[in-house]
Amino acid sequence: MGVRARNESAWLLPNDGTRTNHRLRQDMRRFADEDEIDLVIVGCGAGGSVMLQRLARAGWRVAALDAGPFWDPDTDWVSDEAGSHHLYWTDPRVIAGSDPVPMGSNNSGRGVGGSMIHYAGYTPRFHPSDFATHTLDGVGADWPVSYPELRPYYEQIEQELPVAGERWPWGDPHGYPYRPHPVGGNGEVFLRGADKLGIMAKVGPVAIANGRFGNRPHCIYRGFCLQGCKVNAKASPLITHVPDALAHGAEVRPDAMVTQIAVDKLTGRALGVHYVTGGRERFQRARMVAVAGYSIETPRLLLNSASSRFPEGLCNDFDQVGRYLMVQGAPQTAGRFGAEVRMYKSPPPEVSTEAFYETDPGQDYKRGFSIQTVSPLPITWAEHVAAQGHWGPALREYMSDYVHWSCLGGLCEFLPRSENRVTLAREKDSYGLPVARFSYSQCDNDRALARAAQSVMEDILHAAGADEVITIQRYAHLVGGARMAADEQHGVVDRYGRSFAVPNLYITDGSVLPTQGSANPALTIMAVAARTAHHLAAGIS
Amino acid sequence: MSGAAPDWGSRFPGFDVLDQVPHWDQVTADVVLARTCSPAAVKFFTESEESCARALLNLLTGQDGPGGEPAVPVLEMVDARLAAGETDGWRYADMPEDAQAWRDTLTLLDADAHQLSGAAFADAPPADQARLVQAVQDLGSGNWHGLPAAHVWSLWTRYACTAFYAHPSAWAEIGFPGPAYPRGYKNVGVGKLEPFEVGDAHPSEDPVREGA
């Protein structure tokens, strides 16, 4: 079946230079709180939107509640770094542990489309080995799902976004529906340096069509991918899944903060969700609940949904909720060139290598890392420069050199650890709910990976002709926190995302991932949600 | 910290980001141009906090030299963020929420200044101000009046840099053309310029090498 026949989103967008189909939103079906709908989804990002679209197509009465706005790229987004602050989840959160992980712009989205509104756009698949790291390498965990089970969903989603890139030689080798984009200065530097060292690097995989796709226009290479794509060229659920969902009778309820999942004391089944919208507390009844609030808010919602049946938090009988939360180590190394690179021209995601992804028996660490172009805009670049210790005139002088720098980022597979987790802090948010406290500490393997990635990036940049290199230690992405497992003593949900504790409660976001590989997680989150949706749709029909 | 005119302002002669405003989308133009208007009155900081914060933020962004008003009103930009509660969406467990952390650290900085110079931070001699600020950075993972110095440093520099490099005059200084919608870029690649971009007049002045 052609992609348009199963997901018409790109053809439901306007083709007159504006970016939002307002008519589709005005005519959207709206359920009453008292309706017992088939499924209420909490969060309308990567996982929630795919569920919404798939199950609306299957004829389910389904609504997705999102805490943030229903974005209009024309009026809500700007081609500017500081002016994009509202794209991030900036409600209070506490970070702790020996290596605390900053949140906000780094990894936390807000509003319909979720973190894919501000992600760079890289959409690599996980490798087959990612699903069995415990068996293969004695670290991490084995998934209760194998790569071949997920492959058809990877292929579907790659067509729906769609993804552009060279034929991919790593992991399970595969092609992409769109040819690779031309590269800018930063991609050129990466390819040149890698070539000199004999390291294979490839253009892609990027969820930006190379050409028109439906009514979505061609990318204009303006470099503001992380500020929300005003062009509708970069894929996000707002334009890849929500329009088709609405056209098939789904409801998106923006500005609706879910505060608690209600569970029947007698039957142990979920009844619906309490939420706040327009300052009023409401309750949406549903036959089934899917939580897709991502790795911080999903565990927080479960913990805030404690009851007499679940005194330690919903689905937390075995103290698994919030644990095994992962972030990738993301050292960012920049090199200085005599020529002008002007890395802000072109999308930040251009070129990657997965040549170091798998465990190398010659190294004293397990698993690996990938390397990708990242092209920080001035504020983010200032963070990189300030991390070298510069301030005042020295900072200004270094910053004036911006056009000469090229910047690469590593994604290191930091291992899942039970003590890296979300708990509830004493502090309350504006809804009166305890905020999330995220504690994170690295292990020796993590530190070794970050060092190795930095060293390879330095080599590539030097080989490309850089005279100096500077590095900042960062983190990227979030997954885990309510992982899938073989049984309830090792995880929160089963292989289809159904919670062990509540039979009609599903989790369909990045929290269910047991490992993270060295791949950006968006595509895998969508593929896992598509698999859950397929399973549910098949069950009812 | 010398009194000589800094040379970083002259690398892109004639380059003015605002020349391109007609090519920006209106929503972006409104947001960016608002930063170039006279700054709003201070709302968050008290009077003594304001003078301390102004001196600190101008120092951190190299705007402390003689010559009147700073090009970028960093104090007012930070104040507006704090008044609106626009945090980064997290705080370290060993720090108060950002608004309180700013108040606390400014009070502590003033106390340090009184001890070193017998004056509030804003009234201390420039060399003393620089010493006091450098001392906090030099503590690294150590403790500053009961707060982790690195987290204090992170708070100050994050807010300072985010404000400073949001301003068109800072973009002009680094050769960055700012907003790019709906125009985009046509000449991408090493050494390639758009008609509206200006090449670096001093490409060999590598600050890293000079500092090495």
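**View 1. The end of helix 4 in chain B of the predicted model.** Helix 4 of chain B gives way to B:Gly118, a residue with a positive phi, near 70°, in what is a predicted model. The helix itself covers residues 98–117, and its 20 residues reach 28 Å from the first C-alpha to the last, close to the 28 Å expected at 1.5 Å a residue.

View 2. An α-helix has 3.6 residues a turn, so residues three or four places apart point the same way.

View 3. In the loop between helix 4 and helix 5 of chain B lies B:Phe121, which counts as buried because 27 other C-beta atoms are within 10 Å, where 20 or more are required. Leaving aside neighbours within four places in sequence, B:Phe121 is in contact with B:Leu109, B:Asp110 and B:Ala113, and also with B:Cys52, B:Ala55, B:Leu56, B:Gln129 and B:Leu132. B:Phe164, by comparison, is 43 residues from B:Phe121 in sequence and 21 Å from it in space, taken from C-alpha to C-alpha.

**View 4. Helix 13 of chain A.** In chain A, helix 13 is formed by residues 444–463, and because its 20 residues should span 28 Å at 1.5 Å a residue, the 29 Å between its end C-alpha atoms agrees with that expectation. Its buried residues include A:Asp446, A:Leu449, A:Gln454, A:Met457, A:Glu458 and A:Leu461. The buried residues of helix 13 pack against helix 7 (185–197) and against several strands of chain A, among them strand 10 (326–329), strand 14 (405–412) and strand 17 (468–472). Just after this helix, A:Gly465 takes a positive phi of about 110°.

View 5. The secondary structure of chain B comes to eight helices and three strands, which run α-α-α-β-α-α-β-β-α-α-α from the N terminus on. Of the 212 residues in chain B, 41% are buried.

Terms used: Residues numbered from 1 in each chain as written. Chains lettered and ligands numbered in written order. Predicted model: local features only at pLDDT ≥ 70, side-chain atom pairs only at ≥ 80, totals over all residues. Helix = DSSP H or I, 4+ residues; strand = E, 2+ residues; numbered from the N terminus. Expected span 1.5 Å × (residues − 1). Buried ≥ 20, exposed ≤ 12 C-beta atoms within 10 Å, placed from the backbone. Contact = placed C-beta atoms within 7 Å.
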